[in-house]
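Open the model in your viewer and keep the selection tool at hand. This tour goes stop by stop: what to select, then what is there.

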Amino acid sequence: MPVILNIETSTNVCSVALSAEGMVLCHFEDFQGQNHAALLSGYIKRCLDWARDHEMQLEAVAVSMGPGSYTGLRIGLSEAKGLAFALDIPLIGIDTLQLMATSVMFSQDVDPDALFAPMIDARRMEVYTAVYDMSLSPIIEPRPLILDETSYADMLADHKVMFFGNGSDKARDLIKSPNAIFIPDIVPLASDMIALAERDHARRNFIDIAYSTPRYLKDFQATKPRNPLATGL
């Protein structure tokens, strides 16, 4: 398996992890707020120093592409692009919602038929969300949503749905189904990117270093029908 540097900056947490063979070799995380600009370069250097000291050659850079914070994503992708270009290695873009779903799958004892609904907080009662099954196949593609009491109603009638992420507190106050399971304290971290990064490296699913852009929360508005997830459409 390749040696990959993983960078995650989509929320107020800044994290970097060096990985190989499905394992975290070293990682650095900061949960204190928007410190990405001050900390990210230092975290990356410490991971590269670790790789050099252990005579390991970096083979790819993986970076979280959002949805998420404009400032955080811009800083993370800029660093990732610069490093991939300088070292002439591939750049892998990781969907933040899939990353969060993977984190829950690996950390929780879940029903094999359960569905996973990561939520990134937007504004007012809006979230950016998707729904995945255990194979990470999208039951609902990523989209903005204005939450109300009928959101996810059809899915909750037949499945346990696990809600998590910094937007899920909004859903907890509205969705009262016994099949709704709320998982606290799930934030996207670089150390949880490994499975997705190695999958995409094996598939040669790389992104363009020059032209790839992240998905900023500020760029969307929930202009779909008010309850697009009530019917699963």
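**Stop 1: Leu18**

Select Leu18, which counts as buried because its relative accessibility is 0%. Here buried means under 20% relative accessible area, exposed over 50%, and partly exposed in between, with a 1.4 Å probe and protein chains only. Leu18 sits in strand S2, residues 14–20. Helices (H or I, at least four residues) and strands (E, at least two) are DSSP runs, numbered from the N terminus.

Before going on, note that this is a predicted model, where local features need pLDDT of at least 70 and side-chain atom pairs count only at pLDDT 80 or more, while totals for chains, interfaces and linings use all residues. Residues are numbered from 1 along each chain as its sequence is written, and side-chain values use heavy atoms, with hydrogens and water left out.

Now show the neighbours of Leu18. Leaving aside residues up to four places away in sequence, Leu18 touches Val3, Ile4, Leu5, Met23, Val24, Leu25, Cys26, Cys47, Trp50, Ala51 and Leu58. Contact means heavy atoms within 4.5 Å.

**Stop 2**

Select strand S4, residues 60–64, and S5. The two strands pair in the parallel sense over four bridges. Pairing requires that DSSP finds at least two bridges between the strands. Val61 stands opposite Leu91 in S5. Trace the chain from S4 through helix H2 (residues 70–87) to S5: this β-α-β crossover is right-handed. That is, with the strands pointing away from the viewer, the path from the first strand over the helix to the second runs clockwise.

Stay on S5, residues 91–94. Leu91 and Gly93 point one way, Ile92 and Ile94 point the other way, and all are buried.

In the loop between S4 and H2, find Pro67. A cis peptide bond joins Gly66 to Pro67, with omega about 15 degrees. In the loop between H2 and S5, find Asp88. Its phi is near 55 degrees, a positive value in a residue other than glycine. Asp88 counts as exposed, at 70% relative accessibility.

**Stop 3: H1 against H2**

Select H1 and H2 together. Their axes come within 10 Å and cross at roughly 30 degrees. Axes are lines fitted to C-alpha atoms, for helices over the stretch in contact, and angles run from 0 to 180 degrees between N-to-C directions. From H1, show His36, Ala37, Leu40, Ser41, Ile44 and Leu48; from H2, show Gly72, Ile75, Gly76, Glu79 and Leu83. These residues make the contact.

**Stop 4: the aromatic pairs**

How many aromatic pairs does a search of the whole structure find? Four. Rings of Phe, Tyr and Trp (its six-membered ring) pair if their centres lie within 6.5 Å; planes under 30 degrees apart count as stacked, over 60 as edge-to-face and the rest as tilted.

Select Phe28 and Tyr43. This pair is stacked, at 5.7 Å centre to centre and 20 degrees between the planes. Phe28 lies in strand S3 (residues 23–30) and Tyr43 in helix H1 (residues 36–53), so the pair ties together parts 15 residues apart in sequence. Phe28 is buried at 17% relative accessibility, and Tyr43 is buried at 9%.

Next, select Phe163 and Phe182. Their ring centres are 5.1 Å apart and their planes are at 25 degrees, so this pair is stacked. Phe163 is in strand S9 (residues 161–164) and Phe182 in strand S10 (residues 180–183), so the pair ties together parts 19 residues apart in sequence. Both Phe163 and Phe182 are buried.

Tyr152, Phe163 and Phe182 form one aromatic cluster. Tyr152 lies in the loop between strand S8 (138–146) and helix H4 (153–158). Tyr152 is buried, at 0% relative accessibility. Its phi is near 70 degrees, again positive in a residue other than glycine.

**Stop 5**

Select the buried residues of H6: Ile194, Leu196, Ala197, Glu198, Asp200 and His201. Their cover includes strand S1 (4–8), S2, S3, S4, S5 and H3.

Finish on Thr102 in helix H3, residues 96–107. Thr102 is buried, at 3% relative accessible area. Beyond residues up to four places away in sequence, Thr102 touches Leu136, Asp192 and Leu196.
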